[in-house]
Amino acid sequence: MPSQFIIELTVLVLAIFVGFEVISKVPTLLHTPLMSGTNAIHGIVIVGAIIVMGTPHPGLFMQILSFIAVVLASANVVGGFVVTDRMLEMFKKRPDERE
Amino acid sequence: MSTTTANLLYLVTIVAFILALRFLSSPRHARLGVQIGAVGMLWAVIVTLSLDEVVTGYWWMAAGMAIGSIVGVVGARKVKMTAMPQMVALFNGVGGGAAALVSLVEFHTVWAASGDVGVERGVSTVFSALVGSISFAGSLVAFGKLQDLVSGRPITYPGQQVGNAILFLGSIGLGAAAMASVSFWLLAAAIVVAALFGIVFVLPIGGADMPVVISLLNAFTGLAAAATGFVLHSNVLIVSGMLVGASGTLLTTLMARAMNRSIANVLFGAFGKVDATAAAAAAGADGQTVRSASADDVAVMLAYARRVVFVPGYGLAVAQAQHDVRNLAELLEEKGVDVKYAIHPVAGRMPGHMNVLLAEANVPYDELVEMEQINPEFPQTDVSVVVGANDVVNPAARNQPGSPIYGMPILDVDKSQNVVVIKRSMSPGFAGIDNPLFYDPKTVMLFDDAKAAMEKLIASVKSV
């Protein structure tokens, strides 16, 4: 097995633990924004879409597939972040004068 | 720049994403966190655009990003907060679809160049293609069910499990064959079969269980993105994908636990068994009487109470009565009543959904109290007002071992001094289970639409 694969696997396993650690601290209050926020984060696949689109392809068909990937990933990223921000904007603490 | 340099610069994005999730631990910093995450994403896009291997297709990219962004912004801005689960399902699905397509094209490119993709990359490619495709198709069906485009009822037919298993194994078989023979078309076929599996996998699951499914598919898309990271040797994809995978898995488990069901039961149970037992339970409730009250009676109870707890359920959101509840609560607070909101973990249509709906109605988040915190306070509560909730306040979950919801954690509303249940009729909740709370001598029923009831209560409280 190539050593690069082992390193990547190590990163993967560590990321799982970081993920569980960080997410277990999110209160139920924010679980919907958490879900839509992580939804936006997996839009990182846009990186892959850009790479396949930017690599020269022998045929139009591959270009069309890459193009669709770019469209889908951008919708995922932009929509995910905008909707999460919109939700979190609404979460307000009780105003001070009513304390 | 080289892939190595890019992987170094991607660290910024990785840190940004971890911080974004870390900041979600408190509503005060959450928004800042998401903005940090968005900046991290933008950074990743810029780094990727400067990669050595990205040399062409800029116009296509620009056009694709413009179209995707417009769709994303319009969708995200227009969606109603009650429709949030559908929106999450949709964005989740397109992400999965993108992951599957990226793998497919990358497979073709590498195969055309070298004729061999190597075992690790081959497996990662097939994994990402299949899981991304399942997530895409499954999420679209979930969207359809929540949006009432597809029947929300569990759709079952004979031989379903066997058929599903054949599709599932078939997609894996085709994927393995694609890897062995390095065939683009076999992989494309595997993706199509995986999409079919995604559809038939979600169809038999009832609309009310969709949140669990969406959460699971969210984890799937994360895993697909992480696998794409192995294909492209990109750390940022691996880490981000796994963060999402961990999050989705955790939320799926939490939701299933809050509904007192195993994940397997949600996914493969098709909710058939519950209906029979529920009918039996409902029949046993005959002969008990309920006390019904007018808005004026309830208004007096509320106005002279010291502590009132509102228990909102999805019925409140359907009636669009969040703002009215908020107005009533403010009115009571002006009269010196201590008001809180008790939120059950599965109130609404996805985890934490009810909090978002109430935040939209300007309810301060420090008045929203989670189940574990509010339950010990019910004995000191003068009046609990249940609006559009049913199963989550059903004491049968605590004391009737035969009940289908026995063991499900509930809000102990029945322990408060008085209970007001606002409901249109005596019809049972979604699970079809009768609720002994309604027959409790401490309970009065206010039969009305949630919104109309709130308006009448506001008027009556004002005149008390």
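Reply: B:Leu9 lies in helix H1 (residues 3-23) of chain B. The model is predicted, so keep that in mind throughout. B:Leu9 counts as partly exposed, because it has 17 C-beta neighbours inside 10 Å. The cut-off for buried is 20 or more. Along the sequence, B:Leu9 and B:Ala44 are 35 residues apart. In space, their C-alpha atoms are 8.1 Å apart.

Now to another residue of chain B. B:Asn375 sits in the loop between helix H16 (371-374) and strand S4 (383-387) of chain B. B:Asn375 is also partly exposed, with 17 other C-beta atoms within 10 Å. Leaving out residues up to four places away in sequence, B:Asn375 touches B:Leu411 and B:Asp412. B:Ser416 is 41 residues away along the chain, and its C-alpha atom is separated from that of B:Asn375 by 9.7 Å.

Next, the strands. Strand S1 (residues 307-312) of chain B runs parallel to S2(B), and four bridges join them. One pairing to look for is B:Val309, whose bridge partner in S2(B) is B:Lys340. S2(B) also runs parallel to strand S3 (residues 368-370) of chain B, through three bridges. There, B:Ile343 stands opposite B:Glu370 of S3(B). Strand S2 covers residues 338-343 of chain B, and five of its six residues are buried, so S2(B) is largely enclosed by the rest of the structure.

B:Val387 leads on to the core. Beyond its neighbours within four places in sequence, B:Val387 is in contact with residues that include B:Phe310, B:Val311 and B:Pro312. Its other contacts include B:Leu316, B:Ala321, B:Val325, B:Ile422 and B:Ala450. The largest nonpolar core has 199 residues. Those that touch the most other members are A:Val45, A:Ala49, B:Val311, B:Val386 and B:Val387. H4(A) gives the most to this core, with 17 residues. In soluble globular proteins, nonpolar side chains tend to be buried together.

What does the rest of chain A look like? Chain A has four helices and zero strands. Read in sequence order, the pattern is α-α-α-α. Its radius of gyration is 19 Å, well over the 13 Å that the globule rule gives for 99 residues, so chain A is more spread out than a compact globule. Along the principal axes, the C-alpha atoms of chain A fill a box of roughly 65 × 35 × 15 Å. Of the 99 residues, 63% count as buried. Take the contacts in chain A between residues at least 6 apart in sequence: 66% of them join residues at least 24 apart.

Last, the contact between the chains. Chain A puts in 79 residues and chain B puts in 101 residues. On chain A, helix H1 (3-23), helix H2 (31-41), helix H3 (45-54) and helix H4 (60-90) each supply at least two residues of the side that touches chain B. H4(A) has the largest share of that side, 28 residues. By class, that side of chain A has 48 nonpolar, 23 polar and eight charged residues.

Technical notes. Residues are numbered from 1 along each chain as its sequence is written. Chains are lettered from A and ligands numbered from 1 in the order in which they are written. This is a predicted model: local features need pLDDT of at least 70, side-chain atom pairs count only at pLDDT 80 or more; totals for chains, interfaces and linings use all residues. Two residues are in contact if their C-beta atoms, placed from the backbone, lie within 7 Å. Ala, Val, Leu, Ile, Met, Phe, Trp, Tyr, Cys and Pro count as nonpolar, Asp, Glu, Lys and Arg as charged, and the others, Gly among them, as polar. The radius of gyration is taken over C-alpha atoms; the globule rule is 2.2 Å times the number of residues to the power 0.38. A residue is buried if 20 or more other C-beta atoms lie within 10 Å of its own, exposed if 12 or fewer, and partly exposed in between; C-beta atoms are placed from the backbone. A nonpolar core is a set of buried Ala, Val, Leu, Ile, Met, Phe, Trp, Tyr and Cys residues joined through C-beta atoms within 7 Å. Two strands pair if DSSP finds at least two bridges between them.
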